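Please keep the sequence and the structure at hand while reading.

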Amino acid sequence: MTRTGFVHQALCYGADEEFLEGTLGYVHEGLEAGDALLAVIAGDNIGLLRDALGGVAREVEFIDCLDWYHYPSRTLGQYHAYCTAREQDGARRVRVIGEPVWTGRTTFEVREWMRYESLLNIAFAESGHWILCPYDTRALPDEVISTARRTHPELAVGESGLLHSDRYEAPADFYAECDEAERELVEPGARTRRAATEVAFERGRTAVVRAAATEFARGRALAEGRVQDLVVAVHETVLNAIRFGGGSGVLRLWSEPEYLICEIADVGYGRLPRVPAFPGHLPPAPRTVSGHGLWVVRQLSDLMTERLGPDGSVVRLYFRR
């Protein structure tokens, strides 16, 4: 099938045969066209697809999805870097079979992975790449399968068929829905807020923020490399708050069973510069002079939430313990 422009499809399969039926033709067609092929899929599916491809399997790069799908923003960054490198190597397009990991996630994490699937439609909209996302209906919850039809414009059917998803939603609308659901999932209780360490900051007084963040992370046995990631992410967010949020605010630090959480709240300007539609989620153009800050923060953090407004903004950074 000759296609141009970005293609994003969901492949819902309920048997090994259905998985192969939906992927074999996709791979062969890509190889014949000279495309780069990357399969980031479950270990069992790697074996299935390799065996079915035979000798041409060596022309496909296989990666176990457990080694790739750690956190949404970093995974999007990995795909972006991979596709950029293959383009520079002369690939006509990159074809990806990308199978996200849904099991073992909290409700909050599942929601963020759903958001990630929707954001792919924006992040790669100007590219010519093709991403096929398998969903195993034998193992995944109904909500995950149902949402795939809302985050993928097309559904792969059989060897070469496809259907346009009549449930597909514009990423901006789906993003807003995720924000609403997120507020109920992650809002800390009064007891948590009372237990948080608070550090005020203002223009010219950010060293105290770095010191507090370092002490907090090391005191909870975070690996040293991640301590540095946390400190840089917090400091970058504080600098953004000073620049765009009225010049002062407060850093709150607390721990939960699964995450260390850093909340940066500013006082607001009474007005806010134009906020990007998907703040920090999309890779900035290499030569742009702004827009890199929140992207870097998302790459360093495991998860991040934000509420940006003229009367004050709140950004929360999550680091798995």
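The model is a predicted one. The largest nonpolar core comprises 38 residues, and another core, of 28 residues, lies apart from it.

- β2 (residues 36-41) and β4 (residues 94-98) run in the parallel sense and pair over 5 bridges. Within this pairing, Val 40 stands opposite Gly 98 of β4.

**The nonpolar cores**

- In soluble globular proteins, nonpolar side chains tend to be buried together.
- In the core of 38 residues, those with the most contacts inside it are Leu 38, Val 40, Tyr 69, Tyr 79, Trp 102 and Tyr 135.
- Two or more residues of this core come from each of β2, α3 (72-88), β4, α4 (107-123), β5 (130-136), α5 (142-151) and α6 (171-186). Helix α4 supplies the largest share, 6 residues.
- Leaving aside residues up to four places away in sequence, Tyr 79 touches Leu 38, Val 40, Trp 68, Tyr 69, Val 96, Gly 98, Tyr 116 and Phe 124.
- The separate core of 28 residues includes Ala 212, Ala 217, Val 227 and Leu 253.

**Helices α8 and α9**

- Helix α9 has 21 residues and reaches 30 Å from its first C-alpha to its last, close to the 30 Å expected.
- The buried residues of α8 are Val 209, Ala 212, Ala 213, Thr 214, Phe 216 and Ala 217. They pack against β8 (197-202), α9 (224-244), β9 (248-255) and β10 (259-266).
- Among the buried residues of α9 are Val 227, Leu 230, Val 231, Val 234 and His 235. The buried residues of α9 pack against β8, α8, β9, β10, α10 (293-300) and β12 (314-320).
- The axes of α8 and α9 come within 9 Å and cross at roughly 150°, and the crossing is right-handed. On the α8 side the contact involves Val 209, Arg 210, Ala 213, Thr 214, Ala 217 and Arg 218. The residues contributed by α9 include Glu 224, Val 227, Gln 228, Leu 230 and Val 231.
- Just after α8, Ala 221 adopts a positive phi of about 60°. Helix α9 is followed by Gly 246, whose phi is also positive, near 95°.

**Glu 109**

- Glu 109 is placed in helix α4.
- Its relative accessibility is 4%, and Glu 109 therefore counts as buried, the cut-off being under 20%.
- Apart from residues up to four places away in sequence, Glu 109 touches Gly 104, Tyr 259, Leu 303 and Arg 320.

Terms used: Residues numbered from 1 in each chain as written. Predicted model: local features only at pLDDT ≥ 70, side-chain atom pairs only at ≥ 80, totals over all residues. Heavy atoms only, no water. Buried < 20%, exposed > 50% of the residue type's maximum accessible area, 1.4 Å probe, protein only. Helix = DSSP H or I, 4+ residues; strand = E, 2+ residues; numbered from the N terminus. Contact = heavy atoms within 4.5 Å. Pairing = 2+ DSSP bridges. Core = buried A, V, L, I, M, F, W, Y, C linked by side-chain atoms within 4.5 Å. Axes fitted to C-alpha atoms, helices over the stretch in contact; angles between N-to-C directions. Left-handed = near helix turned anticlockwise from the far one by under 90°. Expected span 1.5 Å × (residues − 1).
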